[in-house]
Amino acid sequence: MIAIVQPLVPHYREHFFNRLREQAPFDLYCYHGTEALQQQNLAAGSTSVKPLPAWNIGPFVLYNPLRFFKSDYKVLVLMLNFAHLSTWIILLLKPFLKQKVILWGHGISVKRYVQEEQQPSRLLKWMMQLADATWFYTPREMELWRRVMPGLNAVALNNTISEVERIIQQPVADKASLRKKYGITAGRVLIYCARFNEAGRRIDLLLKLIAETDPAAYNFIIIGAGKYKPDFRPYPHVLDFGAVYDTATKQELFGLADLYFQPGWIGLSAVEAMAYGKPVCTFRRSEAVLQCVEYSYIRDGYNGLIFENMDECLYMLDTLSDEEIAAMGGQARGFVKDNLTMTTMVNNAAHSLHAMDQ
């Protein structure tokens, strides 16, 4: 039997756990409840979980590790997080136990990425040395760690979203009729779809782009809610739909857009946008513009555009042809189909789990 420890299960992760459970049965323990989901503006998933009482002090998490020493748990999937004190206890006692331990890295910290790209954390390295295997979200992360730990037993899951197969199977939208339905008259439409829950999303850059574009030439579709959401009402060329969970509505809104634009903190939203065939536009990762690990999926000029500054952004948006946008959009959807399906993510995890039984 397998035990997996997670903080919570949001809606975009439920299909991964449900499908993985079909290939490798496990008990899923969560140490956060519905309140944590609400604080992060997340919808709850429908995956069966076992509550795991834990003490949280700042970034540190302490749960009772004794329940995982049961003899029927042969493999433990714990989080690759040096603030999880109980994980350290389990790892240090592992030579006296029969369990094998996989550490699941949920992406290098957005705020530490620039630093850890040059000098990975020694504490995380120590944790991985004590474990039997490691899961990373992206091939880029695995590549970074294998530079400092050659021969590391690791797999890149290729982090993706629950509905990705359904999205890429949808026919190409009738953009003209959708624009007529929603009253879109501008020649170019950009869509933003992410929670406004992080200052690092650089909403100031989104507002700057909106303010500096011609309302007759550009329209902006906004999907999302959160405490940092600005008031878009002063901008006549912005259509703000708030939080949208209805798949048919979201499909239409993405269908009428040309490009996906999110200036910073871009993560799984890049996968969703590319699945809809939209090139992803963002700014280059730096200490001023933070990006999540899924930023590595964006290939500048192939399935999206990575801008150095706002001047370049405005110039590129004005000079891009419809043919160039269509080509990048097709390549974006193809990239998801080839690399980022839920089947791929589940199979990568299942193969790693089965290898632990050898």
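Visitor: What makes helices H1 and H14 oblique to each other?

Guide: The axes of H1 (residues 14-23) and H14 (residues 342-355) cross at roughly 45° and come within 9 Å. Angles under 35 degrees count as roughly parallel, over 145 as roughly antiparallel, 65 to 115 as roughly perpendicular and the rest as oblique. H1 and H14 are therefore oblique to each other. As for the axes, they are lines fitted to C-alpha atoms, for helices over the stretch in contact, with angles from 0 to 180 degrees between N-to-C directions. Helices here are DSSP runs (H or I, at least four residues), numbered from the N terminus.

Visitor: How should I read the numbers in this model?

Guide: The model is predicted, so local features need pLDDT of at least 70 and side-chain atom pairs count only at pLDDT 80 or more, while totals for chains, interfaces and linings use all residues. Residues are numbered from 1 along each chain as its sequence is written, and side-chain values use heavy atoms, leaving out hydrogens and water.

Visitor: Which hand does the crossing of H1 and H14 have?

Guide: H1 passes H14 in a right-handed crossing. Contact (heavy atoms within 4.5 Å) involves residues including Phe16 and Leu20 of H1 and Val346 and Leu353 of H14.

Visitor: And what makes H3 oblique to H5?

Guide: The axes of H3 (residues 85-93) and H5 (residues 122-130) cross at roughly 40° and come within 9 Å. That makes H3 oblique to H5. The crossing of H3 over H5 is left-handed. Among the residues in contact are Trp88 of H3 and Trp126 of H5.

Visitor: How do the residues of the contact of H3 with H5 divide by class?

Guide: Seven are nonpolar, one is polar and none is charged. Ala, Val, Leu, Ile, Met, Phe, Trp, Tyr, Cys and Pro count as nonpolar, Asp, Glu, Lys and Arg as charged, and the others, Gly among them, as polar.

Visitor: Why are H9 and H12 called oblique?

Guide: The axes of H9 (residues 203-212) and H12 (residues 310-319) come within 11 Å and cross at roughly 50°. H9 and H12 are therefore oblique to each other. Their crossing is right-handed. Leu205, Lys208, Leu209 and Glu212 in H9 meet Met310, Cys313, Leu314 and Leu317 in H12. By class, that contact has six nonpolar, no polar and two charged residues.

Methods:
Helices (H or I, at least four residues) and strands (E, at least two) are DSSP runs, numbered from the N terminus. A crossing is left-handed if the near helix is turned anticlockwise from the far one by less than a right angle, and right-handed if clockwise.
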